[in-house]
Amino acid sequence: MDLDPRQYENLAVNDNDIHNIVLSYLIHNCYKESVESFIACTGAKQPTDYLEDMDKRKRIFHFALEGNALKAIELTEQLAKDILENNKDLQFDLLSLHFVELVCSRKCTEALEFAQTKLGPFGKEPKYMEKLEDFMALLAYKEPEKSPMFHLLSLEYRQQVADSLNRAILAHLNLPSYTAMERLIQQATVVRQCLSQEAGKDGPPFSLKDFLKS
Amino acid sequence: MELSSIKDAFDRVTKKQKISSSKSQEVVDQVGREIEQALATIQSPHDPSSPVDQKSALTELKFKLNAIGSLQQLEGSNKELNISLTKYQKLLEKLLNPDISKAYRNVDFDTHIVDQIIANHFYRQGLFDLGDSIINEAGEPDAAALRSQFLEMHQIIGAMRERNLQPALTWVSANREKLVQIGSNLELKIHTLQFVEVLQNGTRADALKYARTYLAPFASLNKGEFPKLMGCLLYAGRLESSPYSELLSPIHWEMTTEELARQFCTLLGQSYENPLSVAVAAGVEGLPILLKLANVMAAKKQEWQEMKQLPVPVELGKEFQFHSIFVCPVSRDQGSEENPPMLLPCLHVLCKQSIMKLSKNSTRTFKCPYCPAEATVANCKQLYF
């Protein structure tokens with residue numbers, strides 16, 4: 001990887017800042033044991049307000065990731081009653097996760113009943129209609145995993161919903177929805193791309209993966 | 001056709017007729033009143049001192065009737081009516097030529113073919129008794145070849161009109177491969193109609209079972225339509241108050257019925273449009289031009305029936321165009337059996353006569369008029385439209 005035409009080696013970065021960036025990332029993702037180890041190793045200051053709801057968030061996140069959406073909804077409402085009431089998109093995504101789980105368990109009649117009672121009301125809004133139709137189409141297949149809508153059954157989809165839920169809870173707790181680490185990487189990527197364009201290089205665009213390997 | 005001038009002339013006639021009629025009525029009423037008055041005078045109980053003179057009453061009546069001048073009044077209005085009627089008749093004769101015999105050629109009239117066309121016309125329309133009657137009387141048993149197929153088609157359509165899709169479903173599944181070859185999604189459309197019926201009248205489980213059994217096989221071919229149908233399951237039993245309520249519209253039944261009839265005819269190798277109706281409609285559209293042509297050529301002492309090609313185009317609408325027509329880009333002649341289109345090795349197309357001219361009657365190679373490629377008559381292929 002070529003060095004930037006600009007010099008950044010002589011820019012001093014405070015270790016404390018780096019520790020805080022890493023710590024906020026670990027807390028954001030509910031890596032509780034890693035947080036405790038990190039604090040023990042680095043002697044970083046323990047942010048008590050962050051740790052308070054981490055356990056609850058971790059459980060909610062994992063329930064969503066496993067597809068146990070009803071449990072995730074129940075715990076979310078215990079933690080913050082109005083999160084889902086004020087976020088219909090998230091509510092729809094969580095309910096649809098449960099629907100998918102029923103379809104995967106081959107409980108089609110139950111899935112249809114659930115869809116009619118819980119997902120049906122969303123059909124009044126056109127923005128949910130297309131998604132709803134895709135979910136309903138899963139019912140037609142004996143093996144939904146082999147259907148054109150297979151992505152709705154994937155771990156990636158559950159991860160996406162779990163992430164959205166986690167961000168919503170963090171925002172509700174007046175904490176940043178995105179970690180400083182994520183923002184810094186996004187910003188660094190944009191800067192590298194701009195520098196590459198300025199230098200007039202015809203090579204491939206900046207890739208974070210390649211940069212980390214080099 | 002100058003229909004507007006005919007309409008104007010007709011309006012003038014009706015106007016004059018109304019005037020004449022009201023004038024006649026007026027005169028008749030006036031005469032009637034005078035006669036009634038005279039009768040009343042004659043029949044009144046007389047005073048013995050002044051006996052009524054019947055003769056003088058009648059003389060007075062005669063005088064009054066002469067004063068009215070009924071004959072002159074009626075003559076005037078009728079004369080005007082007759083003038084406009086005569087003008088109208090002349091205009092009709094001028095613009096609407098009643099003798100259409102000038103506009104057709106004396107071709108061999110094959111009674112057998114005409115009998116078959118008429119019989120098939122009735123079969124197409126579902127008038128089987130009438131078709132059979134013609135075939136029996138004309139002694140044309142071969143003409144009944146399509147009877148059974150059209151009978152099947154009308155039975156299916158009849159059942160569909162009564163909201164019974166079973167015969168249609170049987171037919172589409174029996175002809176599935178042929179329908180797929182012509183790019184038809186008729187089977188899905190018929191299953192959709194049935195699915196909507198199940199959604200409305202069956203249980204939720206019935207609808208789901210129907211979707212899994214009959215709609216799922218079409219999922220990969222109809223990616224846009226299929227999820228919508230599955231979305232309907234959310235509103236089983238209450239489709240009318242759902243975003244899919246338009247699926248309940250009777251127009252879907254009408255359109256699917258028509259599509260079935262079209263595709264039935266396609267698989268039979270028959271046109272959907274009735275050949276007899278098409279022939280008559282095309283004739284009606286082309287007739288004015290042909291009549292005009294016949295009159296113009298008669299005035300020039302020329303016989304248009306002898307010509308191989310008409311000197312004027314008879315423009316028919318798109319609905320009458322069933323075959324591609326080739327016009328040679330070099331000679332501007334229309335392709336025919338004697339002068340067919342020929343494909344050059346460079347894939348340009350000319351008519352045979354142009355190729356013969358360019359190759360000096362097949363004696364040498366020639367250059368394509370549209371590209372630098374060389375060709376010989378031997379390596380040109382005839383095209384069939």
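Why does Ser84(B) count as buried? Its relative accessibility is 11%, and buried means under 20% relative accessible area, with exposed over 50% and partly exposed in between (1.4 Å probe, protein chains only).

This is a predicted model, in which local features need pLDDT of at least 70 and side-chain atom pairs count only at pLDDT 80 or more, while totals for chains, interfaces and linings use all residues. Residues are numbered from 1 along each chain as its sequence is written, chains are lettered from A and ligands numbered from 1 in the order in which they are written, and side-chain values use heavy atoms, leaving out hydrogens and water.

Let us stay with that serine for a moment. Ser84(B) sits in helix α3 (residues 70–95) of chain B; helices (H or I, at least four residues) and strands (E, at least two) are DSSP runs, numbered from the N terminus. Setting aside neighbours within four places in sequence, Ser84(B) has contacts with Val13(B) and Lys16(B), where contact means heavy atoms within 4.5 Å.

| Domain of chain B | Residues |
|---|---|
| domain 1 | 3–93 |
| domain 2 | 163–268 |
| domain 3 | 324–385 |

Between the C-alpha centres of domain 2 and domain 3 of chain B there are 50 Å. An unreviewed UniProt entry lists "domain: RING-Gid-type" for residues 328–371 of chain B; UniProt positions follow the numbering used here, feature names are shortened, and annotations may be inferred rather than shown by experiment. That span is 16% helix and 18% strand, and its end C-alpha atoms are 16 Å apart.

Now to the place where the chains meet. Chain B brings 17 residues to the contact and chain A brings 18 residues. About 1,700 Å² is buried between them, 64% of it from carbon and sulfur atoms; buried area is the accessible area (1.4 Å probe) that two parts lose on being put together, summed over both. Of the area that chain B buries against chain A, 40% comes from Arg204(B), Arg212(B) and Leu234(B), more than any other three residues supply.

Over in chain A, helix α7 (residues 88–104) has 17 residues and reaches 24 Å from its first C-alpha to its last. Twelve of the 17 residues of α7(A) are buried, including Leu90(A), Phe92(A) and His98(A). The buried residues of α7(A) pack against α4 (54–66), α5 (69–79), α6 (82–85), α8 (108–119), α9 (126–137) and α10 (155–172) of chain A. After α7(A) comes Arg106(A), with a positive phi near 60°.

Notes:
The expected span of a helix is 1.5 Å times one less than its number of residues. Domain bounds come from an automatic or database domain assignment.
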